[in-house]
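Here is a short report for a reader new to this structure. Look over the sequence and the model before reading on.

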Amino acid sequence: MKRSTALSVVALLVLAACENNADDVEKPFASRYEPLASNTTLLKGATILTGTGERLDNSDVLLRDGKIAALGGDIDAGDATVIDASAMWITPGVIDVHSHLGVYATPHVPAHSDGNEMSMPVTAEVWAEHAVWPQDPGFVTAMAGGITTLQILPGSGNLIGGRSVTLKNVPGRNVMEMKFPGAPYGLKMACGENPKRFYGGKGQSPMTRMGNVAGYRTAWIEAADYRDKMAAAEKGKGEAPMRDLRLETLAGVLDGEILVHNHCYRADEMSIMLDIAKEFGYRISSFHHAIEAYKVADLLAANDTCASMWADWWGFKMEAFDTIRENAALVDRAGACAIIHSDDAYETQRLNQEVAKVMGAAARVDIDIAPERAIRWITSNPAKALGILEHTGTLEVGKMADVVVWNGSPFSVYTKVDRVFIDGALTYDRNDPSVNPVTDFSLGMKVSAGGAE
Amino acid sequence: MIRLSNITAAFLLVAFAPLASAETIAYTGATVHTMGPDGKIENATIVIRDGRFEAVGSGLTPPADARVIDVDGRIITPGLFSAMGRLGLTEVSAVPATVDYYQSGTRFSASFDIADAYNHRSSLVAVNRTGGVTRALTAPAPSDSAAHMPKQVFSGLAAIVQLGERPEFIANRAIAMVVNLGGTGSAEASGSRAAALLAMRAGLDDSIDYRRNKDAVERGQRREYSLSIEDLEALQPVIAGQTPLLVAVHRESDIETIVRIADDYGLRLIIYGGAEAWMVAELLATKNVAVILDPKLNLPTSFDALNARLESPAILAEAGVEISFAGDRRSETHAARNIAQSAGNAVANGLPWIEALEAITISPARMYGVDDQYGSIEPGKEADLIVWSGDPLELTSNPDDVMIRGEQVSLVNRQTLLLERYMQTDSDKPPAFRK
């Protein structure tokens with residue numbers, strides 16, 4: 001065979017390969033996250049909270065090829081780098097189910113305000129990921145607080161604010177390099193005061209909570225119609241409607257591909273939202289800022305809907321007036337999925353402390369929450385709400401090696417994160433600043449991101 | 001060991017007027033952090049009479065007329081002192097009718113005295129008392145940046161309140177003059193921080209001129225002033241070096257500038273915010289300038305705070321700067337009790353434990369010059385104390401007993417009542433019928 005022919009054949013083969021993969025053409029904005037290089041690492045002799053509800057004392061974790069390879073006592077090190085973790089506690093990577101890092105980046109200047117497309121009350125067509133600034137120094141300080149995965153949400157100014165995105169907390173050049181592979185999208189919805197205050201103030205709908213509910217239902221009716229027409233067209237019945245970004249996202253919820261994250265403070269409104277979800281056949285993955293979740297904990301359990309809560313934020317508006325510190329404890333006690341979230345670049349650095357506050361308050365009324373149970377509120381439960389529990393959120397063999405090593409119990413105010421591993425790679429080491437990321441914005445300062453270097 | 005002679009105790013009884021509470025109480029078996037010269041005392045007895053500490057010492061026999069409370073080795077500290085906030089000046093932040101910490105007019109600035117708006121029945125008071133806060137500075141805020149209001153450099157006069165259940169609720173009126181400078185402060189003035197500083201200097205100069213020429217002013221024979229007569233009156237104790245200026249500022253260069261101005265005018269100065277104060281710690285120590293900061297501040301939240309860091313409290317204290325803690329806008333008001341968490345975080349980042357406890361008890365009392373009245377467990381002082389279920393700075397600890405001015409206060413509040421109601425999950429009645 002002549003050389004030129006050979007080349008042609010190769011070219012044809014390549015072309016053919018491309019054609020064969022036509023269905024696999026990378027979707028726009030698909031994840032291009034690549035884990036950092038990792039060594040096989042054995043963390044030895046630690047107190048381990050697995051995130052499944054178990055506590056293992058004096059035990060080891062083996063991280064290999066980015067996964068949890070083994071868990072238990074006396075694991076053979078092999079060629080692993082061995083780290084003495086005998087005074088340490090180990091937990092799954094902390095997951096913040098409610099973050100605005102990147103879309104409301106620090107410094108908090110108007111130019112960084114990218115979370116609320118308040119041009120109309122339903123903006124399901126916008127995607128938080130299109131506004132995420134990976135140079136937000138908050139990603140780095142969050143890592144120093146143990147955050148390995150986080151959901152970035154649009155704000156709550158709209159009834160339906162747009163798509164959220166779930167990220168690995170590994171700063172990249174763009175959001176695609178941070179996107180959690182395989183994580184479903186979320187849809188941000190908002191109850192209550194925010195939408196009606198903003199639009200009502202302009203003399204538009206929604207002006208009341210009645211208007212809020214009418215707005216959601218109208219949107220779902222349109223979405224169901226769009227979904228039905230699309231489905232019919234696929235079966236050759238009728239013409240497909242023009243692609244509509246807004247309805248496409250909403251139809252994704254009705255098809256169960258996009259998870260609903262619903263900002264909702266009051267018990268009565270959460271109850272109404274659960275009825276709307278039933279009316280249109282979708283599930284609410286989690287209520288967020290669920291100040292009054294404790295009043296309807298049984299309903300949450302029955303509907304398999306999580307409640308994402310703060311420990312003690314209160315009083316900043318009417319719908320936040322009935323806070324109790326024991327909220328998460330009562331939700332947990334009712335058998336519902338309790339989550340502690342941040343909504344804040346500072347609180348996200350110490351979700352463990354917020355959990356501890358709830359534990360302390362609950363103990364006062366004889367609800368004792370063991371550390372191995374409490375840790376679920378910031379690991380496996382948020383993983384469940386985000387639809388990524390099969391990949392992360394617990395320390396189980398085969399899962400992503402997203403791991404936090406603490407220098408004591410994570411529920412002591414004095415405890416700090418010692419090391420963070422994401423997909424088995426060491427991404428933060430309190431005692432070795434050379435390991436730690438520094439965002440572009442922090443370059444040239446006397447301290448970068450809180451002295452976390 | 002007995003730390004105080006009966007003679008001294010008797011003298012102190014004469015020297016101080018009794019407060020409202022009549023009951024004599026003795027706590028025994030306590031681990032006391034007095035935050036006074038006696039430091040930590042094991043197996044301590046604390047005697048409270050007429051609302052004040054009468055005696056504190058190891059193994060003291062309680063007086064015969066005292067109700068004795070044995071605390072079984074638990075830790076007792078002075079009540080917590082929130083050094084900056086707006087307690088009692090708001091109920092729900094987003095409900096303007098409940099918000100009294102700023103005003104929209106131009107008629108008053110320095111003379112805007114927040115004490116008259118204080119509401120001791122605010123739900124915030126009871127919640128924070130339950131968390132161990134017994135004293136709080138409650139301060140006017142800069143005018144609401146969201147509203148289109150005239151902007152002023154002097155925000156007005158702060159007061160210290162006591163969170164007990166009996167009057168007088170205002171412990172110390174007009175205890176500090178609040179000033180807003182830096183990036184936000186300059187926005188309050190004319191857009192440049194230089195203009196804000198000019199406005200401040202003009203106010204101070206006018207105050208001095210007014211003091212020297214009151215008669216001429218009354219006769220209308222003096223130039224126009226930049227502030228009203230009420231404001232100039234309010235600034236008199238400030239220019240006399242008695243009432244401290246409480247200046248909200250973050251940036252290193254702004255702190256240096258305000259320290260220089262305070263020096264020029266002979267003013268007492270407290271920095272509030274102070275994200276970059278650690279960079280001028282030696283200067284602040286030399287000039288005796290105190291700093292109220294948030295130990296959790298570690299992000300470049302604004303261009304004024306680019307070098308915020310978690311080690312700030314430790315660095316400042318090491319240099320000899322008097323420090324205290326306040327949280328962000330949320331913590332200042334509704335969650336003032338989280339100053340204990342702030343103190344714990346400062347410890348996690350290098351501040352010695354006892355200095356963190358100081359920062360939320362006696363230090364703010366010293367900053368505001370009221371440490372002769374309260375802030376530590378010493379004979380003669382007003383009896384504010386907390387019996388803790390554990391380490392006071394730990395998140396899982398709770399106050400078991402809160403005493404304010406000699407009186408054990410109720411630990412019931414809206415939040416505990418809500419909890420009680422909704423814990424009754426086996427009730428067949430709707431919540432409104434559960435009592």
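Which residue in β9(A) does Arg163(A) stand opposite? Leu187(A) in β9(A) stands opposite Arg163(A).

This is a predicted model, in which local features need pLDDT of at least 70, side-chain atom pairs count only at pLDDT 80 or more, and totals for chains, interfaces and linings use all residues. Residues are numbered from 1 along each chain as its sequence is written, and chains are lettered from A and ligands numbered from 1 in the order in which they are written.

**Chain B overall**

Chain B has 15 helices and 16 strands. Helices (H or I, at least four residues) and strands (E, at least two) are DSSP runs, numbered from the N terminus. Of the 435 residues in chain B, 57% are buried (20 or more other C-beta atoms within 10 Å of a residue's own, with C-beta atoms placed from the backbone). Take the contacts in chain B with a separation of 6 or more: 69% are between residues 24 or more positions apart. Contact means that C-beta atoms, placed from the backbone, lie within 7 Å.

**The sheets**

Strands of a sheet pair through backbone hydrogen bonds, either parallel or antiparallel. Here, two strands pair if DSSP finds at least two bridges between them.

Chain A has an open sheet of eight strands, in the order β6-β7-β8-β9-β10-β11-β12-β13, with mixed pairing. β6 (94-99) and β13 (338-340) of chain A have a single partner strand each, so one side of each lacks a neighbour in the sheet. The twist averages 25° from one strand to the next.

Chain B also has an open sheet of eight strands, ordered β6-β7-β8-β9-β10-β11-β12-β13, and the pairing is mixed. Its edge strands are β6 (80-82) and β13 (323-325) of chain B.

| Strand | Partner | Bridges |
|---|---|---|
| β8(A), residues 160-168 | β9(A), residues 186-190 | four |
| β8(B), residues 154-162 | β9(B), residues 170-180 | six |

In chain B, Ala158(B) stands opposite Ala176(B) in β9(B). Helix α8 (residues 252-265) of chain B packs on the sheet and touches β10 (245-249) and β11 (269-273) of chain B. The direction of α8(B) makes about 160° with that of β10(B). Such angles run from 0 to 180 degrees between N-to-C directions, with axes fitted to C-alpha atoms, for helices over the stretch in contact.

**Where the chains meet**

In all, 38 residues of chain B contact 43 residues of chain A. On the side of chain B that touches chain A, α12 (339-348) and α15 (414-422) of chain B each supply at least two residues. α12(B) gives the most, with five residues.

Key: Contact = placed C-beta atoms within 7 Å. Buried ≥ 20, exposed ≤ 12 C-beta atoms within 10 Å, placed from the backbone.
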